[in-house]
Amino acid sequence: MPSFKDTFLKYDWNQIKHDIYTKQPADVERALVKTHRNLEDFKALISPAADAYLEDMARQSKALTLQRFGNNIQLFAPMYLSNECQNICTYCGFSLGNKLPRKTLNPNEIDREVAALQSMGFKHILLVTGEANKTVGLEYFKKVLRQIRSDFAHISMEVQPLDEDEYRQLIPLGLHAVLVYQETYHQKDYARHHPKGKKSNFFYRLETPDRLGRAGVHKMGLGVLIGLEDWRVDSFYVALHLKYLEQTYWRTKYSISFPRLRPFSGGLDPKVEMTDRQLVQQITAYRLLNPDVELSLSTREKTSFRDHVFQLGITSMSAGSKTNPGGYATAPESLEQFEISDERSPSEIVALIKSKGYEPVWKDWDVALEHGEIRTEAI
Amino acid sequence: MENLQIADRTFHSRLILGSGKFSSAKLMRDSIQASGTELVTVALKRVDMQSQNDSMLEAVGEVGLLPNTSGVRTASEAVFAAELAREALQTNWLKLEIHPDPKYLLPDPVETLKAAEELVKKGFIVMPYIHADPVLCKRLEEVGVACVMPLGAPIGSNKGLKTADFLEIIIEQSQVPVVVDAGIGAPSHAAAAMEMGADAVLVNTAIAVAQDPVNMALAFKLAVEAGRMAFESKLGAVSHAASASSPLTSFVDA
Ligand code: SF4
C-alpha cells in the first residue's frame, strides 16, 4: 500500500539542511510576494535568511489567519487518562525507567475529571495516555469514548499509534481527531531517543497518518518535538508530510502543533534550543505556506509569549492544562508529564483573548454531526 | 425595491449574513442591525444545543435564523444534522452545505443533490450551497429546493464574482431565487451580483473581518440596494459589436 514512507525515502536530511541554510534574502523576498507558496518557498521562510523579514511574515500571517478563520480562537484542554508506559523516551516524564507511581483513571475518576473540565467550560477535549497496550489499549479507549462522548462536542486523542482497523472501531464511537507527532524525522536521532518499546519503530509511527487517513478520521494533528533535532529541517518534513497527506486524504482536516521541549522529571536538556523569535518564524512560515491549516498553541509556552503570539497565526489554544492523570479533580498532586508554563485558568485566558479583540470559541463541532446512521447502535 | 420571496417568507432585505467570523457577539449583533438583514446563517457545530443562552443565538436575536450544516461530509450526515437542527432550533429552514474537502470547503454536488431531495421530502426549506453549476441548479430546482446558492469564488477568498459567466446562465435559467454565496469580498462585488440579477447575496468574511464591521455592514446594505435598484431600473444594454457604418443588409431594401 502506498504511504508517506515512499515520499520520505526520496529525501535526504543533509541535502534539505543544506538547501535551507543556503537560502538568500532574494529567495525570502520572492516567497513573501507570492500568493501560493511551495515547499521551496517554505525552505526560504524557515531559513536563517528569513529572520530579517520576521515582521513582514508576522503581518501576512496574521492577515491570512483572520481572513480564513475570523477573529476566533478555539479552546481545548488535555485530559490525561494514564501515565503508564512501556516505552523509554529520553525526553518524557512517563518513561518506563522513571520511578513514579503509575495511574490509570477508572470510570469514577473519569467522571470527576469530566465534571471538573465541564465546569470550566470545555467542550473540546484531548485524551492523552502513555503507551501501555495491555491496560490502556483499544478496549480501554472504547470504554472511555462510550462513557464521555455525550459530555463533549469534540474528542481528540493523543495516544500510542494504533492499527487502521482499531481507528475504524473508535471513529463511530465519537473519536473526531487524532494527534500523532513524529517527534523527529531524523531517523538516527529518533532511534537514539526511543531505545526501547514499540515506539522505537520509526516507520510504524511515520505511517500512522496514512492509517488514520484510510480509516477516515475527520482531523489529524502533525508536529515534531522541538529540541530533539534541527527545528528548521524537522519543520520542512512536517510541511512535506502535510502536503502529501492533503493530496492523498483530501477529506481530512489537518492541524500542526509545535511543542518545545519542557523540563520534566528525569530531565534531558534540549539538544537544540529554539528562541521565541524562531518559534514565531516557524508558526508564521506554516501559515504562509498553508492558509487553511489549523495551528495549535499549548500551555508549554510562557504567559507573556502566548499573550502575543496567539494573534499571529494560531487558531486553537489549550488553557488551564494539567498533564497528570486526574490532575483536574481526582489526583491534583500526582506526577505530571512535563511542567506547563502558562498556569492561568481558562477564565483568565478567555479574558485575554477578548481583550485582544478575539472571540474565544468553546464549541466548534458536534459529535452528532458525523456518522449519523451508526450513531445510535454504537452507543 | 421589490421584496424577495423565498418559500413562504417575504424579505425586504436582500442581504443574508454569515455569522462565523465575528470577534464578539456584540459586534455581530451591531453588524446585523446595521446590515438590515432578515436572515443570518449559524453553523450548527458552533451552537450549544443543550444550553438555552448560547451567545451566538442571542446575538442573532429576532432576525430569522438559518442553520447550516457546515462540517458534514456526506448526504446522510447532512440529513441527520438537519433533523437535529430542526428539533433544537425550531426551524425547518436549512442552508445545506456538504463539503468533504475541509481546505477550500468546496461543495460536493453529488451528495448535495442526494441530501436536498431527501430533505425536501422531510419538509425542510432547503437552501443548498453549490458550485456555480447551471445544470446542478436545474436538478436541484427539480427536487424542490427553495433557492440555489452558487458560489462567486472560494469561501473566504474575497475574490468576487470569479464565476460570473456561469452565474449569468444560472440567473437566466432559474425559477427559484438565486443567492450568490461565498467569495463576495467588497460592496462592489455585491452590487455587481445584484445588477446581474441575483436575488440576494450572502456575506460573512468581508463584513466580519473588516476593520470596522458595523460600518462595512452598512456599506453592504447600501450596495445591495443600489445593485438591485439598478437591475430593476433595467440597465442599458452593453453593446459588444461596433455598429457598422455602412449597413451590411441595406441591399435587401434596394
Ligand atoms: S513520550 Fe509517550 S511513549 Fe514516550 S515515554 Fe512518554 S508517554 Fe511513553
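This is a predicted model: local features need pLDDT of at least 70, side-chain atom pairs count only at pLDDT 80 or more; totals for chains, interfaces and linings use all residues.
User: Where is Leu140(B) placed in chain B, and why is Leu140(B) called buried or exposed?

Analyst: Leu140(B) belongs to helix 5 (residues 134–143) of chain B; helices (H or I, at least four residues) and strands (E, at least two) are DSSP runs, numbered from the N terminus. Its relative accessible area is 0%. A residue is buried under 20% relative accessible area, exposed over 50% and partly exposed in between (1.4 Å probe, protein chains only), and Leu140(B) is therefore buried.

User: Why is the pair of Phe122(A) and Trp362(A) given the name it has?

Analyst: Rings of Phe, Tyr and Trp (its six-membered ring) pair if their centres lie within 6.5 Å, and planes under 30 degrees apart count as stacked, over 60 as edge-to-face and the rest as tilted. The centres of Phe122(A) and Trp362(A) are 5.4 Å apart and the planes stand at 75°, so the pair is edge-to-face. The structure holds 18 aromatic pairs over all chains.

User: What parts of the chain does this pair link?

Analyst: The pair joins distant parts of chain A, 240 residues apart. Phe122(A) is in the loop between helix 6 (107–120) and strand 2 (124–128), and Trp362(A) is in the loop between strand 9 (359–361) and helix 16 (372–378).

User: Why is Phe122(A) called buried, and why is Trp362(A) called partly exposed?

Analyst: Phe122(A) has a relative accessibility of 1% and so counts as buried. Trp362(A) reaches 23% and is therefore partly exposed.

User: Which residues do ring pairs link into a cluster?

Analyst: The cluster is made of Phe4(A), Phe8(A), Tyr11(A), Trp13(A), Tyr185(A), Tyr190(A), Phe202(A), Phe203(A), Phe236(A), Tyr237(A) and Tyr244(A).

User: What places Arg9(B) over the face of Trp93(B), and what places Arg86(B) over the ring of Phe124(B)?

Analyst: A charge sits over a ring if NZ of Lys or CZ of Arg is within 6 Å of the ring centre and within 35 degrees of the ring normal. Arg9(B) lies over the face of Trp93(B), at 4.4 Å from the ring centre. The charged end of Arg86(B) is 3.9 Å from the centre of the Phe124(B) ring and sits over that ring.

User: Where does Trp93(B) lie, and why is it called buried or exposed?

Analyst: Trp93(B) is part of strand 6 of chain B. Its relative accessibility is 3%, so Trp93(B) counts as buried. Glu38(B) is 55 residues from Trp93(B) in sequence and 13 Å from it in space, C-alpha to C-alpha.

User: What is the phi value of Leu105(B), and what is that of Asn158(B)?

Analyst: Phi is near 55° in Leu105(B), a positive value in a residue other than glycine. Phi of Asn158(B), also a residue other than glycine, is positive and near 60°. Leu105(B) is in the loop between strand 6 (93–96) and helix 4 (109–121) of chain B, and Asn158(B) is in the loop between strand 8 (149–150) and helix 6 (164–173) of chain B. At a relative accessible area of 25%, Leu105(B) is partly exposed; Asn158(B), with 25%, is partly exposed.

User: Which residues are around the ligand?

Analyst: A residue is near a molecule if one of its heavy atoms lies within 4 Å of it. The residues around the ligand are Cys85(A), Asn87(A), Cys89(A), Tyr91(A), Cys92(A), Phe94(A), Ser95(A), Gly130(A), Lys199(A) and Gln337(A).

Conventions
Residues are numbered from 1 along each chain as its sequence is written. Chains are lettered from A and ligands numbered from 1 in the order in which they are written. Side-chain values use heavy atoms; hydrogens and water are left out.
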